[in-house]
Amino acid sequence: MIRRFDTPPETGRRYRLRPGAYAILERGGQILLTHQATPWPEFQLPGGGIERGEHPLPALHREVLEETGWTMTLTRRLGAFRRFTFMPEYDLWAEKLCTIYLARPALRQGEPREPGHSAHWMAPQDAVRVLGNPGDRHFLKRLMRSTAPFDHRK
């Protein structure tokens, strides 16, 4: 069973499944987050929706580059969670199925390409405090509690 975070689904409301891939990007003890200005200001793990016919890993690489300006190397899958939420940018009630990966930023290509996004480096404990959703916070906290939190050789 995939754990749910945030509010439960509303009875009688129809939700569209929206799979997505997101990354905890660590480098030198810092976490790379994206800040999305609209529809409301929020810090997030970089990543996003997987388009129809798109494989999750290329989608993750694409989203990280668009939202942070960085390429990345994938380390491993950490897990998944579900959220039921309204996505105003799509006028859609969604059941978001969020798969979280651990990755390393590889090469900065420039500024984020996605309008309204900016890239921010911060200490993991600060990132936990500012992340906008409890699922993202859960996975980062869990990684921080592990015996070798950012050991990319696993």
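Mentor: Start with a definition: two strands pair if DSSP finds at least two bridges between them. Strands (E, at least two residues) and helices (H or I, at least four) are DSSP runs, numbered from the N terminus. This is a predicted model, so local features need pLDDT of at least 70 and side-chain atom pairs 80 or more, while totals for chains, interfaces and linings use all residues. Residues are numbered from 1 along each chain as its sequence is written, and side-chain values use heavy atoms, without hydrogens and water.
Trainee: How many bridges join β1 to β6, and which way do they run?
Mentor: 10 bridges, and the two strands run parallel. Arg-18 has Lys-96 in β6 as its bridge partner.
Trainee: And β1 with β4, parallel or antiparallel?
Mentor: Antiparallel, with 3 bridges. There, Gly-20 is partnered with Gly-49 of β4.
Trainee: What about β1 and β2?
Mentor: They pair over 3 bridges in the antiparallel sense. Arg-27 bridges to Gln-30 in β2. Their hairpin has 2 residues between the strands, and Gly-28 takes a positive phi near 60°.
Trainee: Is Glu-26 buried or exposed?
Mentor: Buried, because its relative accessible area is 5% (buried is under 20%, exposed over 50%, partly exposed in between; 1.4 Å probe, protein chains only). Glu-26 lies in β1, residues 16–27. Its side chain reaches the backbone nitrogen of Gly-28 at 3.4 Å.
Trainee: Which residues of α1 are buried?
Mentor: Among them are Ala-59, Leu-60 and Val-64. Just after α1, Gly-69 has a positive phi of about 85°.
Trainee: Now rings. How many aromatic pairs are there?
Mentor: The count is 6. Rings of Phe, Tyr and Trp (its six-membered ring) pair with centres within 6.5 Å; planes under 30 degrees apart are stacked, over 60 edge-to-face, the rest tilted. Tyr-15 and Phe-84 have centres 5.1 Å apart and planes at 80°, so they are edge-to-face. This pair links the segment before β1 to strand β5, 69 residues apart.
Trainee: Are Tyr-15 and Phe-84 buried or exposed?
Mentor: Both are buried. Tyr-15 and Phe-84 form one aromatic cluster with Phe-86 and Trp-93.

How values were computed: Polar contact = N/O pair within 3.5 Å; in protein donor to acceptor, adjacent residues only side chain to side chain.
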